[in-house]
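Please read the following report alongside the sequence and the coordinates.

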Amino acid sequence: MNTITTHVLDTALGKPAAGVNILLEQQRAQGWQTVASGATDGDGRIKDLTPQGLAAGRYRLVADLYSYFAASGREALYVSAQIDFLLPEAGSHYHLPFLISPWSWSTYRGS
């Protein structure tokens, strides 16, 4: 089984983004279904998003950027950020962080 962790860094402020709501969704025959959700902690992390592990398949992490930036009175271009990815049969750990600012976002595979 595969596991996923994530964290969100606010690059405009140069610090972790606490309180960002994240959905983990899986693509199934009937469409995208939420399999886990959480909010980032004070260090900008969600450490236990997939404690049971995930089977192979197509998934996506969706970060609610609008609510995060609105909470601090900042306008933002992007309402959400989404990482769409495939998990293989072999079990592994994937750390998929978000780097966000009010006008951009990016990702990479961490460790």
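## Aromatic pairs

In this predicted model, Tyr 68 and Phe 69 are both buried. These two residues also form an aromatic pair of the edge-to-face kind, with 5.0 Å from centre to centre and 70° between the planes. The geometry is classed as edge-to-face because planes over 60 degrees apart fall into that category.

A search of the whole structure finds 3 aromatic pairs, and another of them joins Phe 98 and Trp 105, whose rings are tilted, at 6.0 Å centre to centre and 50° between the planes. The two partners of this pair can also be described by their accessibility: Phe 98 has 0% relative accessibility and therefore counts as buried, whereas Trp 105 is partly exposed, with a relative accessible area of 28%.

His 7 belongs to strand S1, which covers residues 3-10. Its relative accessible area is 6%, so His 7 is buried.

The side chain of His 7 is joined to that of His 95 by a polar contact of 2.7 Å. Leaving aside residues up to four places away in sequence, His 7 touches Gly 44, Arg 45, His 95, Leu 96, Pro 97, Phe 98 and Tyr 108. This list includes Phe 98, the residue that forms the tilted aromatic pair with Trp 105.

## An open antiparallel sheet

An open sheet is formed by 4 strands, which follow one another in the order S4-S3-S6-S7 with antiparallel pairing. Strand S4 (31-39) and strand S7 (80-87) are the edge strands, and because each has a single partner strand, one side of each is left without a neighbour in the sheet. On average, and with direction ignored, neighbouring strands of this sheet are turned by 20° against each other.

Within this sheet, strand S6 (residues 57-64) pairs with S7 in the antiparallel sense over 8 bridges. Val 62 stands opposite Gln 82 in S7. In general, the strands of a sheet pair through backbone hydrogen bonds, in either a parallel or an antiparallel manner.

## A charge over a ring

A further arrangement concerns the side chains of an arginine and a tryptophan: the charged end of Arg 60 sits over the ring of Trp 32, at 4.0 Å from the centre of that ring.

Key: Residues are numbered from 1 along each chain as its sequence is written. This is a predicted model: local features need pLDDT of at least 70, side-chain atom pairs count only at pLDDT 80 or more; totals for chains, interfaces and linings use all residues. Side-chain values use heavy atoms; hydrogens and water are left out. Two strands pair if DSSP finds at least two bridges between them. Helices (H or I, at least four residues) and strands (E, at least two) are DSSP runs, numbered from the N terminus. Axes are lines fitted to C-alpha atoms, for helices over the stretch in contact, and angles run from 0 to 180 degrees between N-to-C directions. Rings of Phe, Tyr and Trp (its six-membered ring) pair if their centres lie within 6.5 Å; planes under 30 degrees apart count as stacked, over 60 as edge-to-face and the rest as tilted. Buried means under 20% relative accessible area, exposed over 50%, partly exposed in between (1.4 Å probe, protein chains only). A charge sits over a ring if NZ of Lys or CZ of Arg is within 6 Å of the ring centre and within 35 degrees of the ring normal. A polar contact is a pair of N or O atoms within 3.5 Å; within protein, one must be able to donate a hydrogen and the other to accept it, and residues adjacent in sequence count only if both atoms are side-chain atoms. Contact means heavy atoms within 4.5 Å.
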